[in-house]
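Student: Can you walk me through this model? Keep it quick.
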Amino acid sequence: RAEMGGESLAPDDLVTQLLLARGVARDDLDRQRVPTLRGFMPDPSLFRDMDAAAARLADAVEAREAVTIFGDYDVDGATSAALLVRLLRALDVPVGAYIPDRLMEGYGPSGAALVRIGEAGSRLVVTVDCGAQAFDAIAEAKAAGVEVIVVDHHQCATTLPQAFAVVNPNRLDEAPDAAAHGNLAAVGVAFLLGAALLRELRRRGWFATRAEPRLMELLDIVALGTVADVAQLRGLNRAFVAQGLKVMAARRNIGLTALMEAARLTRAPTATDLGFALGPRINAGGRVGRADLGVRLLTTRDPIEAREIAAELDRLNEERRAIEMAVQEAAEALLSTGRAVTVVAGEGWHPGVIGIVAGRLKEKLGRPAIVIALDEAGGGKGSGRSITGVDLGQAVLAAKEAGLLVAGGGHAMAAGLTIDGGKVSALADFLEERLAEKVTAAVADRALLVDSVHAPGGVTPELVSALDAGGPYGTGWPSPRVAVGRVRPVRVDVVGNGHVRAIVAGDDGRNFKAMAFRAADTALGQALLGADTHRRLWLAGRAKVDTWGQRPAAELHLDDAAWAD
């Protein structure tokens, strides 16, 4: 049982209050408490071009026509491609995957690549996590007799590419009930296309004498792509992740199992593991290694190959960390104050880590950030990350339409671009003028929201278990934050890589550990390190279970602290 507001509440009562506080209607509690596909799955036919895309793929299945899945080089692209490869392979379709090299080919399909795929024998290409802005490339493919189905979730322009079908909930002409799913990652859209394809084949009687593939067994891949792409965990996405984690715990996917072993994950994975342990390793292939490693890992049927690829991705992830640290230090040295949107550019920065660095700067500054890697020829590749309430993808599209970018696009929270190095300052001015008021409003509305308040004795493993029942948690559905007080610091020190550890005690005689990660040089860390042991504090953060001791103990991962007197 957990303490809240002086009352003793059973775990279910705590989750109920959590759901209600987050805007869940009382008559929707049961569906939200246990998010399932049955409860959240829309009819795929809601989406424009979905039925046409499913019918074209069904034709390919019946004819055993060669199909190529063209994916982006990040986790969402890799998982989207892997899902369709595994599904079509189960339907006995000759299917392959093509992942462009980040440095040599850049983002999205090129006309040359699509034509080469067609010349190699695949006249049907499905782009995943890319293609919404590939006007010239798809037109070139069409002229060469290659049909392209676009499966994407990035922002669309007022016109669409000349593809056979464009399946994207963020099409500007999408109906409201379909546009409501605009927060899906591309892998979620690919899953819906898979469901539509199986339904179409079922309608045609294809499974009268054949076994139907179990699409639900691919939810582990969907969960990984959804979390790693920082999609909001609300509605269908939350169901994808909740059910996908169950599939992943069974370890049926040989590649994912090898990756979990390489990441030293011996327990059932959590959404946090997908975002911080597995996702970065898949990403490392596209960032600093071979772009196709992620798809190969997720589709292999050979345990030996899976272990070899997982080990290589683990090594590349360590290499990526070192490169990222160097770029981050250089980018931080260029930061200037007074800008609503941070835009920094530097020569020699590795394009494979600029998105991560942009995310770090966004977290550090609390404002949108774009990091641009300039090459020797004067061109630049940029990646941006935004804050809630500021649509960076639309702003980048507007900059492209204004002639400031060679290419660009994205969604509300993330964007990518290609730019002439001489236009970086003009881009910064354009974004400042367009977004300054929105950033100011978003920052002003920002507050530290608390889900529940507890006495120190209420910070227990049982509390953590009760709160976990409201998960899975992630972007758009954050892990519950609790306030705990009043406490006094007993011992405070710096551990690891600048982490501040505090042992605190309450007037109720109970004590627990609190951690402020990478906070030694921050205002929070300095306040804790210099705290008077006789003064009382209120702490706010996430309650977690520490399993290192002889028995599990709860600890608090801090977001903030305030003096109680």
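What follows is a short chat about the fold, the aromatic pairs and a few local spots.

Tutor: Ground rules before anything else. This is a predicted model, where local features need pLDDT of at least 70, side-chain atom pairs count only at pLDDT 80 or more, and totals for chains, interfaces and linings use all residues. Residues are numbered from 1 along each chain as its sequence is written, and side-chain values use heavy atoms, with hydrogens and water left out.

Student: Fine. How many helices and strands are in the protein chain?

Tutor: There are 20 helices and 18 strands. These are DSSP runs numbered from the N terminus: helices are H or I with at least four residues, strands are E with at least two.

Student: What is the radius of gyration of the protein chain?

Tutor: The protein chain has 24 Å. That agrees with a compact globule of 565 residues, which would be near 24 Å. The radius is taken over C-alpha atoms, and the globule rule is 2.2 Å times the number of residues to the power 0.38. The C-alpha trace spans about 75 × 60 × 45 Å along its principal axes.

Student: And how much of the protein chain is buried?

Tutor: Buried residues make up 54% of the 565. Buried means under 20% relative accessible area, exposed over 50%, and partly exposed in between, with a 1.4 Å probe and protein chains only.

Student: What share of the contacts is between residues 24 or more positions apart?

Tutor: Among contacts with a separation of 6 or more, 65%. Contact means heavy atoms within 4.5 Å.

Student: New topic. How many aromatic pairs are there?

Tutor: The structure holds 2. Rings of Phe, Tyr and Trp (its six-membered ring) pair if their centres lie within 6.5 Å; planes under 30 degrees apart are stacked, over 60 edge-to-face, the rest tilted. Phe-70 and Tyr-98 are stacked, 5.0 Å centre to centre with 20° between the planes. Phe-70 lies in strand 3 (residues 67–71) and Tyr-98 in strand 4 (residues 95–98), so the pair ties together parts 28 residues apart in sequence. Phe-70 counts as buried because its relative accessibility is 1%.

Student: Why is the pair of Phe-191 and Phe-240 edge-to-face?

Tutor: Their planes stand at 70°, so the pair is edge-to-face, with ring centres 5.3 Å apart. Phe-191 sits in helix 9 (residues 186–203) and Phe-240 in helix 11 (residues 236–249), 49 residues apart. Both Phe-191 and Phe-240 are buried.

Student: Now Gly-384. Buried or exposed?

Tutor: Gly-384 is buried, at 1% relative accessible area. Its place is strand 10 (residues 379–385). Beyond four places in sequence, Gly-384 contacts several residues, including Ala-358, Leu-392 and Met-413. Val-357 is 27 residues away from Gly-384 in sequence and 9.0 Å away C-alpha to C-alpha.

Student: What about Pro-461, where is its place?

Tutor: Pro-461 is in helix 19 (residues 461–468). Pro-461 is partly exposed, at 27% relative accessible area. Not counting residues up to four places away, Pro-461 touches Val-545, Pro-552, Ala-553 and Ala-554. Pro-552 is 91 residues from Pro-461 in sequence, yet 7.0 Å in space, C-alpha to C-alpha.

Student: Last one. How many residues of helix 10 are buried?

Tutor: In helix 10 (residues 219–228), 9 of the 10 residues are buried. Among them are Leu-219, Asp-220 and Thr-226. Val-230 follows helix 10 with a positive phi, near 60°.
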